[in-house]
Amino acid sequence: MDDQTRMLASMAGLGGLSQADVSDPDSVRKQQSLGQPPQDIGDILQQIMAITDESLDEAQARKHALNCHRMKPALFSVLCEIKEKTVLSIRGVQEEDPPDPQIMRLDNMLLAEGVSGPEKGGGSAAAAAAAAAAGGSPNDGSIEHSDYRAKLAQIRQIYHSELEKYEQACSEFTNHVMNLLREQSRTRPISPKEIERMVAIIHRKFSSIQMQLKQSTCEAVMILRSRFLDARRKRRNFNKQATEVLNEYFYSHLSNPYPSEEAKEELAKKCAITVSQVSNWFGNKRIRYKKNIGKFQEEANLYAVKTAVDAANVSAQASQANSPATPNSGGYPAPCYTPDGRL
DNA sequence: GGCGATGATTGCAG
DNA sequence: CTGCAATCATCGCC
């Protein structure tokens with residue numbers, strides 16, 4: 001016990017004590033017994049600060065001297081002994097870290113979105129499923145789809161390159177620390193278990209950084225999805241032919257512009273849009289027509305003429321003049337040719 | 001960029 | 001559920 005104390009005391013003042021002092025522990029004891037500290041703390045600090053002014057060679061020489069010190073093996077064994085005792089208490093603190101549920105959630109989502117999974121298939125499958133769920137129109141679906149995939153691939157690429165960078169940095173840092181610890185284990189006792197623990201700590205730190213990366217990647221994917229799959233955002237005007245077909249039907253049924261389910265299906269097929277899009281169109285058209293008949297007058301006349309011509313063609317073929325196809329009783333007011341555009 | 005047109009959504013009534 | 005009315009969000013022209 002007394003020997004150990006003496007040795008530790010010498011160790012503590014090693015930097016500041018001369019070789020003679022160290023080799024004579026009694027001198028330290030004498031100092032202590034007189035109520036004086038082994039060495040003034042200011043001196044020690046000065047010594048430490050002085051190290052930064054030393055050249056690397058000097059430091060190396062000092063280190064070498066320390067390693068070759070004749071007291072070194074003895075001190076080392078004492079430190080090992082003390083370490084052995086303290087490690088026992090540390091061991092209890094060690095916790096087995098279970099897989100973080102948040103990381104698992106993020107991983108699952110990235111996998112489902114095809115960001116972290118295999119290169120092909122996953123992403124497009126997810127996009128296809130999402131597009132199907134959104135009920136995208138068949139005509140522009142492929143364009144949207146490829147655009148979505150391109151963006152997703154971009155996110156995927158950034159994610160993987162960042163992940164690789166983090167992993168590389170992690171392993172580099174781990175190696176560096178391990179080398180440092182191995183180097184230090186020559187002068188102080190460091191068990192493999194401790195190195196392992198340090199590596200685990202480093203990995204935990206890096207995995208928390210990775211989690212941030214995963215989190216922001218998930219956010220990016222969510223934003224992408226909402227941008228591309230929100231039907232309102234991906235609105236495309238119907239093509240000219242589709243609008244013409246719909247308008248033709250609307251103005252030729254102005255008295256009752258409510259297509260039956262069959263008529264809607266027929267129109268949907270003709271226009272290459274969905275039935276609900278046909279319903280939307282008619283809903284919008286009715287309300288907008290009613291709100292401002294004047295504005296639609298020209299259009300209405302155009303289609304009235306068109307249907308009349310069509311009807312005339314049909315009747316000419318039948319060698320019979322029929323009435324126009326526009327019945328007009330009890331429905332929306334039909335347009336007329338007033339110069340001020342009012343009815 | 002402003003602005004009207006237009007397809008989609010939402011909330012409500014019947 | 002359907003239709004209406006208001007509103008949103010984007011398109012496309014100037």
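Mentor: Helices are DSSP runs of H or I with at least four residues, strands are runs of E with at least two, and both are numbered from the N terminus. Please bear in mind that this is a predicted model, in which local features need pLDDT of at least 70 and side-chain atom pairs count only at pLDDT 80 or more, while totals for chains, interfaces and linings use all residues. Residues are numbered from 1 along each chain as its sequence is written, chains are lettered from A and ligands numbered from 1 in the order in which they are written, and side-chain values use heavy atoms, with hydrogens and water left out.

The buried residues of H11 are Ala242, Val245, Leu246, Asn247, Tyr249, Phe250, Tyr251 and Ser252. Buried means under 20% relative accessible area, exposed means over 50%, and partly exposed lies in between (1.4 Å probe, protein chains only). Keep Asn247, Phe250 and Tyr251 in mind, for they return below as contacts of Lys285.

In H13, the buried residues are Gln277, Val278, Trp281, Phe282, Lys285, Arg286 and Tyr289. These residues lie on the same side of H13, because they cover an arc of only 165° around the axis; the arc is that of the directions from the axis to the C-beta atoms. An α-helix has 3.6 residues a turn, so residues three or four places apart point the same way. On the other side of H13, Lys290 and Lys291 are exposed.

Which residues does Lys285 touch, not counting residues up to four places away in sequence? Lys285 touches Asn247, Phe250, Tyr251, Phe296 and Glu299, where a contact means heavy atoms within 4.5 Å. Lys285 itself is buried, with a relative accessible area of 9%.

The neighbour Glu299 forms a salt bridge with Lys285, and the closest N and O atoms are 2.6 Å apart. Since Glu299 lies in helix H14 (residues 293-317) and Lys285 in helix H13, the pair ties together parts that are 14 residues apart in sequence. A salt bridge is a side-chain nitrogen of Lys or Arg within 4 Å of a carboxyl oxygen of Asp or Glu. Glu299 is partly exposed, at 26% relative accessible area.

The structure holds three salt bridges, so let us turn to the others. Lys214 pairs with Asp107 in a salt bridge whose closest N and O atoms are 2.8 Å apart. As Lys214 lies in helix H10 and Asp107 in helix H7 (residues 101-112), this pair ties together parts that are 107 residues apart in sequence. Lys214 is buried, with a relative accessible area of 9%, whereas Asp107 counts as partly exposed at 28%.

Glu162 and Lys165 also meet in a salt bridge, at 3.0 Å from N to O. These two residues of helix H9 (residues 141-184) are three residues apart, and therefore separated by about one helical turn. Glu162 is partly exposed at 22% relative accessibility, and Lys165 is partly exposed at 48%.

Glu162 is also one of the residues touched by Leu213, together with Tyr159, Leu163 and Tyr166, when residues up to four places away in sequence are not counted. Leu213 belongs to helix H10 (residues 192-229) and is buried, with a relative accessible area of 10%. Leu213 and Leu163 are 50 residues apart in sequence, yet their C-alpha atoms are 7.8 Å apart in space.

Finally, consider the whole chain. Chain A has 14 helices and zero strands. Of its 343 residues, 27% count as buried. Among contacts in chain A with a separation of 6 or more, 73% are between residues 24 or more positions apart.
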